[in-house]
Amino acid sequence: MRQVVFIIISLLHSVFVFGQQSLASNNENTIYIGLHNSIDFLVQEYPCDRYTLVTDSTEIEPTDDPCSYILKPNVPGKIKIGMKDKKTNKIVSEFNFRARLLPPPVIRLAGKKNGEISKTVMKPQRGLLTILEGFNIDARFEVLSFTVIIVRNKQAIFYHENTG
């Protein structure tokens, strides 16, 4: 009986079936640059530590769990992940993924992306918030620089670029 291999990627959304192998994946097998993309796999009737995941096009790290790996792609493009049997040193299954850049974050201050903010609303603000709108991943971003412009009577009375 052929072994059935299950690969489960974090952020599960859909399941595709290819012959005797099942692949559960997020949106079209997509992984993101700059994130630690978790991949978990299960092998029917065999322990996970009999296998390892391999690739030549991205960084892949095992975790404390023998059924779990972290993918850290560096460049966008196609990535082929192989599941290798440690005893036979042969690839028993391969799956294709795409590495993509995260969309640019939207910066908000007092709940606004742009426009005017009164002094009374601005004063209690503790900082800028970065979010990925319409995206189901909560990624953290560091604001490297921003500009403050104070306008009074349609005239810029203060302009300052902040970095660091």
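How many nonpolar, polar and charged residues does the lining of the largest pocket have, by class? In this predicted model, the lining of the largest pocket divides into eleven nonpolar, seven polar and eight charged residues. The chain has 164 residues, of which 30% count as buried, and its secondary structure comes to one helix and 14 strands. Among the contacts in the chain with a separation of 6 or more, 50% are accounted for by residues 24 or more positions apart.

**The largest pocket**

- The volume of the largest pocket is about 960 Å³, and of the 26 residues that line this pocket, the closest to its centre are Leu 109, Gly 115, Ile 117, Met 122 and Ile 149.
- Two or more lining residues are given by each of strand S11 (106-108), helix H1 (119-122) and strand S13 (145-152), and S13 supplies the largest share of the lining, with seven residues.
- Ala 110 lies in the loop between S11 and H1, where this residue has a positive phi of about 55 degrees although it is not a glycine.
- Ala 110 counts as partly exposed because its relative accessibility is 29%, a value that falls between the 20% and 50% cut-offs.

**The nonpolar cores**

- The largest nonpolar core has 17 residues, and those that touch the most other members are Ile 31, Phe 41, Leu 53, Ile 79, Ile 81, Met 83 and Phe 97.
- Strand S5 (37-43), strand S6 (51-54), strand S8 (68-72), strand S9 (77-85) and strand S10 (90-100) are the elements that give two or more residues to this core.

**Strand S5 and Asn 37**

- Strand S5 is mostly covered, in that five of its seven residues are buried, and S5 is joined to S8 by four bridges, with the two strands running antiparallel.
- Asn 37 is found in strand S5, and its bridge partner in S8 is Leu 71.
- Asn 37 counts as buried because its relative accessible area is 9%, which is under the 20% cut-off.
- Asn 37 and Pro 73 are 36 residues apart in sequence, while their C-alpha atoms are 8.6 Å apart in space.

**Strands S6, S9 and S10**

- Four bridges link S6 and S9, which pair in the antiparallel sense, and within this pairing the bridge partner of Tyr 51 in S9 is Asp 85.
- S9 also pairs with S10 in the antiparallel sense, over nine bridges, and here the bridge partner of Lys 84 in S10 is Ile 91.
- S9 and S10 form a hairpin with four residues between them, and Asn 89 is found in the loop that connects these two strands.
- Asn 89 has a positive phi of about 60 degrees although it is not a glycine, and this residue counts as exposed because its relative accessible area is 54%, which is over the 50% cut-off.

**Strand S12 and Thr 130**

- Thr 130 is found in strand S12, which covers residues 129-131, and Thr 130 counts as buried because its relative accessible area is 15%, again under the 20% cut-off.
- With residues up to four places away in sequence not counted, Thr 130 touches Pro 105, Val 106, Ile 107, Phe 141 and Val 143; of these, Val 106 and Ile 107 fall within strand S11 (106-108), one of the elements that give two or more residues to the lining of the largest pocket.

Key
Residues are numbered from 1 along each chain as its sequence is written. This is a predicted model: local features need pLDDT of at least 70, side-chain atom pairs count only at pLDDT 80 or more; totals for chains, interfaces and linings use all residues. Side-chain values use heavy atoms; hydrogens and water are left out. A nonpolar core is a set of buried Ala, Val, Leu, Ile, Met, Phe, Trp, Tyr and Cys residues joined through side-chain atoms within 4.5 Å. Buried means under 20% relative accessible area, exposed over 50%, partly exposed in between (1.4 Å probe, protein chains only). Two strands pair if DSSP finds at least two bridges between them. On a 1 Å grid over the protein atoms alone, a cavity is a set of points where a 1.4 Å probe fits but cannot get out, and a pocket is an open set with protein on both sides within 12 Å along at least five of seven lines; lining residues have an atom within 4 Å of a point. Grid points are joined across faces, edges and corners, and a volume is the space filled by probe spheres set on the points. Ala, Val, Leu, Ile, Met, Phe, Trp, Tyr, Cys and Pro count as nonpolar, Asp, Glu, Lys and Arg as charged, and the others, Gly among them, as polar. Contact means heavy atoms within 4.5 Å.
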